[in-house]
Amino acid sequence: MEQDIIYKIIELLGTFAFAISGIRHAAAKHFDWFGGYVCGIAVAIGGGTIRDVMLSTTPFWMTTPLYLICTAFALLTVAFFGKWMEPLKNAWFVFDTLGLALFTIAGIQKSLVFGQPFWVAIIMGCITGSAGGVIRDVLLNNEPVIFHREIYAMACVLGGMAYWGLATMGVSVELNVVISFLLICLTRFLAVRYHISLPVLNENEGA
C-alpha cells in the first residue's frame, strides 16, 4: 500500500513537471491556451501511455481525471506566472529534467509490479521518461531532443541500472527512489553543464 502511494505521488509530480515543460515549449511558439494544453498533455501522458499499452493494461490517465487536472494547473502556472519564471532561464530545463527522472522511476516500478524482468523494466522506464518529449517535439516540428548529442535517454538508462543494483542489494524502495532520482537529474545537469555527449555517428567512418 505504501509503495502504491509513493508510485502515485511520483506519477503526479512527473505529470506536472513534464506538462510545465511541454506548455513552455508551446508558449515559445506562441500557441494559444488550447494548443499549449495539448502539448502539455502529450508530453505528460505520452510515454506512460506507450508503456501501458505495451504492458497490456489500461493507460494510467484513463483511470482518473487527476492527470488531466494536473496538466490544467500546469497550464495556469505558465500562463499566469511564466513571466516571473522566464528570467530563471534554467527553470524550464529543470522541470524537464525532473519530469524525466520521475517518469523513468514510475515506468520502472510499474513494469516490476506487472512482473517484468529488470531489463524490460529499465527499457520501460526509458520509454516512460523520454517518449513524451519525442511526441512534444514532433507536434512542435522540432528535432526530438532524444536524437541530439545531449545526454537524455542515457540518463534514464543509468538511473534504471542504479535502481536495479540498489534493489538487488536490498535497499528500501523509498531510498532507492531518492538515489535513482538524484542520479538521473545529476547526470543530465552535469552533461549539459560540461557539454558531455555520446559520439556522433558519421556515415563516412570506417570508409
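## A buried serine

Leaving aside residues up to four places away in sequence, Ser21 touches Asp96 and Arg136. The model is a predicted one, and in it Ser21 belongs to helix H1, which covers residues 2-28. With Arg136 there is also a polar contact, made between the two side chains at 3.1 Å.

Ser21 has a relative accessible area of 1%, and because buried means under 20%, Ser21 counts as buried.

Trp33, Leu66, Ile69, Phe73, Leu76, Phe80, Phe81 and Trp84 together make a nonpolar surface patch of about 890 Å². The element that gives the most to this patch is helix H3 (residues 66-85), which supplies seven residues.

One of the patch residues is Trp84, which lies in helix H3. Its relative accessibility is 56%, and since the cut-off for exposed is over 50%, Trp84 counts as exposed.

## Aromatic pairs

The model has six aromatic pairs. Among them is the pair of Phe118 and Tyr163, which is tilted, with 6.3 Å from centre to centre and 50° between the planes. This pair links distant parts of the chain, as Phe118 lies in helix H5 (residues 118-139) and Tyr163 in helix H6 (residues 153-168), 45 residues apart.

Phe118 and Tyr163 are both buried. Ring pairs also bring in Trp164, so that Phe118, Tyr163 and Trp164 are linked into a cluster.

Methods:
Residues are numbered from 1 along each chain as its sequence is written. This is a predicted model: local features need pLDDT of at least 70, side-chain atom pairs count only at pLDDT 80 or more; totals for chains, interfaces and linings use all residues. Side-chain values use heavy atoms; hydrogens and water are left out. Helices (H or I, at least four residues) and strands (E, at least two) are DSSP runs, numbered from the N terminus. Buried means under 20% relative accessible area, exposed over 50%, partly exposed in between (1.4 Å probe, protein chains only). A polar contact is a pair of N or O atoms within 3.5 Å; within protein, one must be able to donate a hydrogen and the other to accept it, and residues adjacent in sequence count only if both atoms are side-chain atoms. Contact means heavy atoms within 4.5 Å. Patches are made of residues with over 30% relative accessible area and no salt bridge: like charges are joined within 9 Å, nonpolar side chains (Val, Leu, Ile, Met, Phe, Trp, Tyr) within 5 Å. Accessible areas come from the Shrake-Rupley method with a 1.4 Å probe; for residues, only the protein chains shown count as cover. A salt bridge is a side-chain nitrogen of Lys or Arg within 4 Å of a carboxyl oxygen of Asp or Glu. Rings of Phe, Tyr and Trp (its six-membered ring) pair if their centres lie within 6.5 Å; planes under 30 degrees apart count as stacked, over 60 as edge-to-face and the rest as tilted.
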